Amino acid sequence: MKKLYILVMFLLGCCLYAQAQEVTVKGTVTDDHNQPIPGVNVRVSGSNIGTSTSVDGKFTISATANSSLVFTYIGFVSQTVNLNGKLVVNVSLQPDQRLLEAVTITALGIEQKTKTLTYATQKVSSEDINTVKDDNFINALAGKAAGVVITKGTGGPGSSARVEIRGQKSFGGNSAPIYVIDGIPIGQASGGTASGYSDGDSGDALSNINPDDIESIEVLKGAAAAALYGSAAANGALLITTKKGKAGNSRIDFSSSTSFDTPIDLPNTQTRYGRTNPTANDMWGGKVTGSSNAFIKSFFNTGQNYINSVSLSGGSELATFYASYANTSATGIVPNNSMTKHNFTIKGSAKFLKNKLTVDGSVNYINQKMENPPKAGFYYSPIFSLYLFPTDDNFGNYDKNHYQVWNASRGLYDQNWPYIRNEASTNQNPYWIANKNLNENFTGRTISSFKAKLDITKWLYIQARTTLDVTDNTYQSKNYAGTDPVDAGAAGSLSGTYAEGSSYSTNLYSDLLINANSKIGNDFSINATLGVSDSRFYNYNTGMSSNNDAGLLFPNVFTVNNFNVTNGAPIFNYYESEYKGISQALFGTASIGFKETIYLDATARNEWSYTSPQSFFYPSVGLSYILTKTIGASDILNFAKIRASYAEVGAPLGTGVNNTDPPYAINHSSGSVYARNTLPYFNMATNVQPIIQPERTKSVEIGAQVTLFNNLNVDLTYYDAKSSGQIITIQAPTGAGAQNFVMNGGEIRNYGFEGTIGYNANFGDFKWTPALNFSHNSNQVRALSPLYSTDRYVVSSSGGSRLVASFLTRPVNGKYGAFGDLYGRAILKNPDGSIQTDNQGLPVLSAQDETFVGNPNPKFLAGFNNSFRYKHFSLSFLVDSRFGGQAYSLTETWLDYKGMSQRTADARDAGGVLVNGKLVDAQAYYNRISGGGNYAAVPQYTYSATNIRLREFSFGYTFPMVGKVFKNLNISATGRNLFFFYKKAPFDPETAISSASNTQGIDAFGLPATRSLGFSIKTTL
């Protein structure tokens, strides 16, 4: 008996040992179509041990023989499998029908079922913007969202991009959308009215965000989609959802991207003819040999971009965490231009009170340094002097090793450049500009967020959020002695100039939301939110600079203590400004559904702003009807919905627009005061002053969404938006007490269509996912205020660009102008169509910029994105197209004026230029049509902006497991802006010299476009 007892205990111990023994379990996770699912969380129940499936759905995990594995993945029903000693576990996850009803993040971060939406939105995934990276990730949106126009900045690495959704809506020029991170507005994109012809670029509100922290971007295009943001989002919104920790296993993700930029579409300057004399900076002389324009290409560096990031995430059902660090190091194609950026992010989430209270917090710190962003145009532009250097001269005498010469008498270096002639502009050695005209910009930014959400019942919650965005910015500008006097002034040229400044800004946003989401009986459902918000901003700027007429006391000593003095008093320029603002709102939204077939959406927002004594009400209403709930779904037609909406939103007023008490500035030299230059409009006869109101956009939108054959998704939208109450500035009459009046005075209409077509094709191991988006927008200036006395409103003059002017014209006989319409001088024609000529036989140009020459905005956009996957191989490419519009080149104008273009050489070879069948002297002809470098005959320098290009390309391979450390190791070759399938302009017609609205489509000695080639590495540890 005793032996039997010992035997039983021995066998029981063996069983317990076997059950407690750790084993290695392998397997594959597939969906209900037997397709592998990558990224499934596999966790040992009751422990923190976990892993995730590879790209082919496979996993390996260590567990005890008697434990259970839990498989979880968004959109599928979680499954628990008892091992019972099994070493191979293959699992098929079933779709969770509740979760498969896609959810869209809408305004204020409110989640809503996608099928219920009454307006168009478009989602761009993290993979879409990170497959081929850019130092400003907004550039990666180009061609991937219908109706969205992205114009890349030309200020080197980190420069701001221009974003426009469904056309230009504001006379004031800023039609940029608002950026929103995790439901919180953080500011507007670029797109103002600065001239851009000599301005640098220090980035915008979003260019310094780490793209690897982004989960997805939701593009809210129309007024109905963004109505809850009121005046902040009259131009649409980009809703950015960032990554956060997930319950289950901890993971480390690493990403590294390297790319190299080279300039493309450089001008082809002629080499057959030389200078008129050795000191001339033109090429109207006789024929020469041995000339070369190779120095243009050799001046540019190969731009280098390195973006590395690492993130750590994980947690349990009660608490999750996410932390990341990213480093961006980039050098531009112009010498001495660079950008360095550090991003630190920490996020955490925890649940309390039996999972009823969820608390989230995050801190994002950004440190960025931009050095010497290149400028376009005439002043401090290295491109101007580079392109206009005579090809029969030896550029090696003035290159990076010879751009300065020692001045023994002064004990300093002078600029070495023979062509500082200043006949119509400054002209400096491009290496001097790069190394001796220096600008540094430092930005430190901290975005801190807190959110608490309390589930009162299963269908009711209350949520409070607050975000504080604090930005510190400092800059320095140094111009060494020897800089062109046109740029630095006579005294500044002798001793140098110096400027420094700083800005400090805060943006505090808070809101409180109450949300109810419930069914009412068997037929009705409601998802409603009521909330209040409070937004406060503060901005302080200060700076000082040496006076160009005084320069520095000691040459090239760059400090404020070295500002020059007269009679013991320093001579310098200074400024100081301070702005405060507050905006508050009460808002509500409700989506009411009937039998999951018909959904009625309504929003209302009442806003109080510091810029106006009156509050403003912004409503929207929409209706969607799911047809397949009525007619039934089939294997062919899986889903069909039609939708319609109406909304009103407003564009915010500028600081002080309604301020009738003009502040005064003190003139410290004379002791006098200056009155304000601009006042709100008032009738001088009656002294009646109406309150200036925000611009108001009223928008109608209709659309349809269809899913066919389970894989083909089509979404089509038509919209019509009228923006009235446009804010304009006019000249005030004598005695008004101000130089200008600001008033509401015009209307713009934008209407058009857009669509997306996507398909998911599975052929066993081969998968193809094509996506096409397209759009067309028509813009009309529908009205100008009757108080405005002229037939056109000047957005920018030809004097600012030396080429074209931008006018908004009053409608005539039912014909409308458009925002962006450009006017310039043109060759006059006789009634019979021949060219008007003078007594020399040369063309006669119009005296004023009165001829309409075109509009730079595209008429039709199309982006065709393709993604292929075969086992562990992946291939993707994007063909991006813009049709219509015109581009204008001041660069080509000057090349003709100086006799440096190939056209001028060909004309000389032909004995002149034919005008009305008669040959005229080539130099006289091109000097006439180029306007002597300024105010040219614009149609002669106008090009079609239509182009089709290979915007992105990526080819990679994923190793499911490398050793026991690296999972899903992906190595890819990448490229951006690789080549054009079609283009007629001699430059990239999408290139603009700045992000300003009035410089679009104008090539004026800006940076050339670049081609980028590189590689990326991604893996999970």
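The legends below describe close-up views of a predicted model.

**View A. Helix H13 and its buried face.** Helix H13 spans residues 902–909, and its buried residues are Thr904, Ala905, Ala907 and Arg908. Seen down the axis of H13, these buried residues fall within an arc of 160°, so they line one face of the helix. They pack against helix H12 (890–897), strand E51 (913–915) and helix H14 (922–929). Just after H13, Gly911 takes a positive phi of about 90°.

**View B. A nonpolar patch on the surface.** The patch, with about 800 Å² of accessible area together, is formed by residues including Ile252, Phe254, Val310, Leu312, Val962 and Phe966. Two or more residues come from each of strand E17 (248–263), strand E18 (303–315), strand E54 (947–962) and strand E55 (966–983). Val962, whose place is in strand E54, is partly exposed, with a relative accessible area of 30%.

View C. Among the 48 aromatic pairs that the structure holds, Tyr403 and Trp432 form one that is edge-to-face, at 6.4 Å centre to centre and with 70° between the planes. Tyr403 lies in the loop between helix H6 (382–387) and strand E22 (404–407), while Trp432 lies in helix H7 (residues 430–436), so the pair ties together parts that are 29 residues apart in sequence. Both Tyr403 and Trp432 are buried.

**View D. A stacked aromatic pair.** The ring centres of Trp768 and Phe868 are 5.9 Å apart and their planes are at 0°, so the pair is stacked. Trp768 in strand E43 (residues 766–784) and Phe868 in strand E48 (residues 860–870) are 100 residues apart, and their pair links distant parts of the chain. Trp768 is partly exposed, with a relative accessible area of 28%, and Phe868 also counts as partly exposed, at 21% relative accessibility.

How values were computed
Residues are numbered from 1 along each chain as its sequence is written. This is a predicted model: local features need pLDDT of at least 70, side-chain atom pairs count only at pLDDT 80 or more; totals for chains, interfaces and linings use all residues. Side-chain values use heavy atoms; hydrogens and water are left out. Buried means under 20% relative accessible area, exposed over 50%, partly exposed in between (1.4 Å probe, protein chains only). Helices (H or I, at least four residues) and strands (E, at least two) are DSSP runs, numbered from the N terminus. The arc is that of the directions from the helix axis to the C-beta atoms. Contact means heavy atoms within 4.5 Å. Patches are made of residues with over 30% relative accessible area and no salt bridge: like charges are joined within 9 Å, nonpolar side chains (Val, Leu, Ile, Met, Phe, Trp, Tyr) within 5 Å. Accessible areas come from the Shrake-Rupley method with a 1.4 Å probe; for residues, only the protein chains shown count as cover. A salt bridge is a side-chain nitrogen of Lys or Arg within 4 Å of a carboxyl oxygen of Asp or Glu. Rings of Phe, Tyr and Trp (its six-membered ring) pair if their centres lie within 6.5 Å; planes under 30 degrees apart count as stacked, over 60 as edge-to-face and the rest as tilted.
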